[in-house]
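Colleague: Could you walk me through how to read a few features in this structure? Let's take them one at a time.

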Amino acid sequence: MATRKGAGVLELAVLGLLHESPMHGYELRKRLNALLGMFRAFSYGTLYPCLKQLLANGLIIEDRPEEPNATLALQSRRSKIVYKLTADGKERLQNLLTEAGPASWEDEGFGVHFAFFSHTRADVRLRILEGRRSRLEERLESVRAALGRTRERVDSYTLELQNHGLESVEREVRWLNELIGRERAEQEQQARSFESNKDMPRDKGR
């Protein structure tokens, strides 16, 4: 069974994908595996309970095509179902996309939030990126401290593994620094453009 945090990540992923397009369950599973599999192990056994809960909450609906043959209908019922987002589902997705707290910075949640950054407000994107960077900087400190304590007591292979983990975190921090720099530059440019448009004289009607 998925944890509450994991269920929240899955809910965001399902709603976000269905916002892009209605999907059959099989297609949705493939898209989720491509999305979530990059960041954590994805269990197909968690998908259908999640869909059932979203249906019960009125966030999605099932579109079931009419099947003239009752036997065939029973055999292919699930494969024919298309899941679609409702108006409440769209509203729920927008609420989830405004969340920028610690859950959106962690390993499990960050990747999914990042995947839907094109639908996320600029200020929220920046808070998530800065939160993620802060969390990784804390991790860097602890990894470096651990390396300093154990360097003389571990074999060369363990040391290489620890160094590899350290370098991976350092690379992500550099990547986040670049993203944050671009986000800030874009926001500053938009703010300047907005101020310039405010100061432009308006044509007076005749």
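Colleague: Is Arg125 buried or exposed?

Modeller: Keep in mind that this is a predicted model, then look at relative accessible area. Buried means under 20%. Arg125 has 16% relative accessibility, so Arg125 counts as buried. Arg125 lies in helix H7.

Colleague: Which residues does Arg125 touch, not counting those up to four places away in sequence?

Modeller: Phe117, Thr120 and Glu183. Follow Thr120 back and you land in the loop between H6 and H7. Thr120 is at 6% relative accessibility, so Thr120 counts as buried too.

Colleague: What is Thr120 in contact with, leaving aside its neighbours within four places in sequence?

Modeller: Leu97 and Arg125. For a polar contact, look for N or O atoms within 3.5 Å. The side chain of Thr120 reaches the backbone oxygen of Phe116, and the distance is 2.9 Å.

Colleague: Where does Ser104 lie?

Modeller: Ser104 is in the loop between H5 and H6. With a relative accessible area of 3%, Ser104 is buried. A polar atom of the Ser104 side chain lies 2.6 Å from the backbone oxygen of Gly101.

Colleague: And Gly101, where is that placed?

Modeller: In the loop between H5 and H6. Gly101 has a relative accessible area of 30%, so it is partly exposed. Gly101 and Arg127 are 26 residues apart along the chain, with 8.3 Å between their C-alpha atoms.

Colleague: Which residues are closest to the centre of the second largest pocket?

Modeller: Start with the volume: the second largest pocket has about 180 Å³. It is lined by 12 residues, and the closest to its centre are Gly8, Val9, Glu99, Ala103 and His113. Next, ask which elements supply the lining. Helix H1 (4-20), helix H5 (87-97) and helix H6 (107-115) each give two or more residues. H1 has the largest share, with 4 residues.

Colleague: How many nonpolar, polar and charged residues are in the lining of the second largest pocket?

Modeller: 5 nonpolar, 4 polar and 3 charged.

Colleague: Let's turn to the strands. How should I read the pairing?

Modeller: In general, strands of a sheet pair through backbone hydrogen bonds, either parallel or antiparallel. In this model, 3 strands form an open sheet in the order S1-S3-S2, with antiparallel pairing. S1 and S2 stand at the edges with a single partner strand each, so one side of each is left without a neighbour in the sheet.

Colleague: How many bridges join strand S1 to strand S3?

Modeller: 2 bridges join S1 (residues 23-24) to S3 (residues 82-85). Met23 has Tyr83 in S3 as its bridge partner.

Colleague: What about the side chains along a strand?

Modeller: In a regular strand the side chains alternate between the two faces of the sheet.

Colleague: Back to the helices, then. Is Leu136 buried or exposed?

Modeller: Buried: Leu136 has a relative accessible area of 0%. It is found in helix H7 (residues 122-150). Leaving aside its neighbours within four places in sequence, Leu136 is in contact with Val169, Glu172, Val173 and Leu176. Take one of those, Glu172: it is 36 residues from Leu136 in sequence and 8.1 Å away in space, C-alpha to C-alpha.

Colleague: How do I set that against the whole chain?

Modeller: Of the contacts in the chain with a separation of 6 or more, 65% are between residues 24 or more positions apart. Buried residues make up 33% of the 206 residues. As for the elements, the chain has 8 helices and 3 strands, and along the sequence they follow the pattern α-β-α-α-β-α-β-α-α-α-α.

Terms used
Residues are numbered from 1 along each chain as its sequence is written. This is a predicted model: local features need pLDDT of at least 70, side-chain atom pairs count only at pLDDT 80 or more; totals for chains, interfaces and linings use all residues. Side-chain values use heavy atoms; hydrogens and water are left out. On a 1 Å grid over the protein atoms alone, a cavity is a set of points where a 1.4 Å probe fits but cannot get out, and a pocket is an open set with protein on both sides within 12 Å along at least five of seven lines; lining residues have an atom within 4 Å of a point. Grid points are joined across faces, edges and corners, and a volume is the space filled by probe spheres set on the points. Ala, Val, Leu, Ile, Met, Phe, Trp, Tyr, Cys and Pro count as nonpolar, Asp, Glu, Lys and Arg as charged, and the others, Gly among them, as polar. Buried means under 20% relative accessible area, exposed over 50%, partly exposed in between (1.4 Å probe, protein chains only). Contact means heavy atoms within 4.5 Å. A polar contact is a pair of N or O atoms within 3.5 Å; within protein, one must be able to donate a hydrogen and the other to accept it, and residues adjacent in sequence count only if both atoms are side-chain atoms. Two strands pair if DSSP finds at least two bridges between them.
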